[in-house]
Amino acid sequence: MADPQDGSGNQPTIARELPTIGERRELRLAGIRVAGRRRRPSGERAAIERDLRRSGRFWLIEGASMILIWILLFAFPASAEWWTRQDTELLRRIVEIRSDALTSIADAAALLGSEWVLRVLRIGTLLALVFVHRWRHFFAVLLAILIVQGSVDLISHLVGRPRPFVPMIGTWEGPSHPSEPVAQLAVTLVAMAYTLIPPGKIRQRAFVASGVLIAILIAAQLYLGVDHPSDAFVSAFYAPAVTIVLFRWFAPESAFPVTWKRGVAAHLDITGERGESIKGAVRDQLGLEVLTIEQFGLEGSGGSTPLRLKVAGDPDQYVFAKLYSATHLRSDRWYKVGRTILYGSLEDEVRFGSVRRLVEYEDYIQRLMSSAGVPSAEPFGIVELIPEREYLMVSEFLEGSEELTHAEIDDDIIDDALRVIRSMWDAGLAHRDVKPANVMINNGRIVLIDVAFGTVRPSPWRQAVDLANMMVILALRTDAERVYERALHQFAAEDIGEAFAATRSVTLPSQSRSSLALVKKEQGVDLVEEFRRLAPPTEPISIQRWSTRRIRLTLGALVVGLLGLAFVVSEFVGTGVL
């Protein structure tokens, strides 16, 4: 073992620097102030985390206490008999004050728990959520209703409590405990408040109003003699407890904020708690002090939330960031399932097991392309917001750059863009998402961005598709003949013919398809057909591929579709679960 002391009796360099390794330090890189990186200690919470919060924990305890109450109520004959006597005594006192006027009011109030009122409220809520594409909240509402309804039905059959022994003047069905109308109204109103109203004073008032409506229904049920007081009060606490805990866990506000802006599901809200968490995480993990955060270039992004971060420096500068979450991962999986059903498994389709794997892969491909000479933005690092579920990729912001389709294009730009494709071919790489938003001009040079779906050693078909997509977006600002002539300087005519023989609607990114449709509408020119006319005749390359997986997915989609249709029909005829 080496002597820890050097010949002069002084400590080695590493030993002398050990005390300062964990300290925060400040330095400047390209004008950006880096204030030292901080490792998150073991046990410390992540930047964003699912948290029930104080109210959620309260309702979790409240729900658990219902189990204890049920045990005390019905597990022991003596306690059940005692509770029934107390309930009956209170109901008899209420019966004594009945009158025609009060009965009319109670009948009207009892409609709050009627089947059709609940169905209108629930279907209206679900349709509103579909309109704004908030699918997480949509399924949270359905799940809350199903859990409460299923558990109430189960408990009522297990307990089998008879209706009160007083004259009943209202409608009722089945056992008495717990009160189904009260539970169903409670879960509906709480779910509506959570999904339709943003957090704040208005939502708090909505909760208060919901409590008042539930209390009115309880009073009506007791007046009409159809529920015991303990039946109604247990339901009034149990249903909100289940709903609130479910929403805090399944659709936390930090990850799924309530908003009425229609947009792409991939574009996550970055205000409030998530925005502050991003600032703190970037500061701790990359050492960058974030001053402002804004969404940037949303129209060209459907698989992530692109951001522009202003960071402290001399002067302050911008960096680019892409926010990935489990929402994006699920969307990508379902998108690929749909493509498999329509076309079979296309080549080079990669499914990621977690968000962490997705960002690790994109970071790897970005660095690999850079080493291969493919111009791209310089990566600065990966920021973890929620372990395995939410990450931020930070890279160089291409100041002064513009999309290829927004710039003036000359022969040098066309040659440079095609040279990028040639470089990827020679290096055994493919971008797989060549579209206007991902091809930038920066200081007169072509730069490729958004390499998340790039691949190593792609199939010849995939390389041909990259070439066709690049030629298409170049022709959007020039013309097909000019682009074709320049392409012949770097590609064989047969390569170009193969590229457009492989081109179909599915191989063109949606942004390119929209631009092509606009050119065809305004100019009457079909650019893809123009390229096919110019290139040597080539037999179309089929992308339809049949497999057992495609057959299984297709049959499964048909079954789910039929079940969904049956669900909708049953709701409209009044026999569904809502």
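1. The note opens with a single pairing in this predicted model. Residue E384 has Y391 of strand β7 as its bridge partner. The two strands involved are β6 and β7 (residues 390-396), which pair in the antiparallel sense over 6 bridges.

2. This pairing belongs to a wider arrangement. The strands form an open sheet of 5 strands with antiparallel pairing, in the order β3-β4-β5-β7-β6. At the edges stand β3 (290-295) and β6 (379-386); each has a single partner strand, so one side of each is left without a neighbour in the sheet. On average, and with direction ignored, neighbouring strands of this sheet are turned by 25 degrees against each other.

3. Helix α10, which covers residues 272-286, lies across β3, β4 (305-311), β5 (317-325), β6 and β7. The direction of α10 is at about 130 degrees to β6. Helix α12, made of residues 355-371, lies across β5, β6 and β7. Its angle to β7 is about 15 degrees.

4. A separate point concerns the surface. V208, V212, L213 and I216 make a nonpolar surface patch of about 320 Å². Of these residues, V212 lies in helix α8, which spans residues 201-224. Is V212 buried, partly exposed or exposed? V212 counts as partly exposed because its relative accessibility is 45%, and this class lies between the limits of 20% and 50%.

5. D416 is placed in helix α13 (residues 411-427). Its relative accessibility is 10%, and D416 therefore counts as buried, the limit for that class being under 20%. Which residues is D416 in contact with, leaving aside its neighbours within four places in sequence? They are G444, R445 and I446.

6. Some totals describe the chain as a whole. The protein chain has 19 helices and 12 strands. Of its 578 residues, 47% count as buried. The accessible surface of the protein chain comes to about 29,000 Å², and carbon and sulfur atoms hold 60% of that area.

7. The last point is about contacts along the sequence. Among contacts in the protein chain with a separation of 6 or more, 74% are between residues 24 or more positions apart. The contacts of D416 with G444, R445 and I446 give the reader a place to begin examining the model.

Notes
Residues are numbered from 1 along each chain as its sequence is written. This is a predicted model: local features need pLDDT of at least 70, side-chain atom pairs count only at pLDDT 80 or more; totals for chains, interfaces and linings use all residues. Side-chain values use heavy atoms; hydrogens and water are left out. Two strands pair if DSSP finds at least two bridges between them. Helices (H or I, at least four residues) and strands (E, at least two) are DSSP runs, numbered from the N terminus. Axes are lines fitted to C-alpha atoms, for helices over the stretch in contact, and angles run from 0 to 180 degrees between N-to-C directions. Contact means heavy atoms within 4.5 Å. Patches are made of residues with over 30% relative accessible area and no salt bridge: like charges are joined within 9 Å, nonpolar side chains (Val, Leu, Ile, Met, Phe, Trp, Tyr) within 5 Å. Accessible areas come from the Shrake-Rupley method with a 1.4 Å probe; for residues, only the protein chains shown count as cover. A salt bridge is a side-chain nitrogen of Lys or Arg within 4 Å of a carboxyl oxygen of Asp or Glu. Buried means under 20% relative accessible area, exposed over 50%, partly exposed in between (1.4 Å probe, protein chains only).
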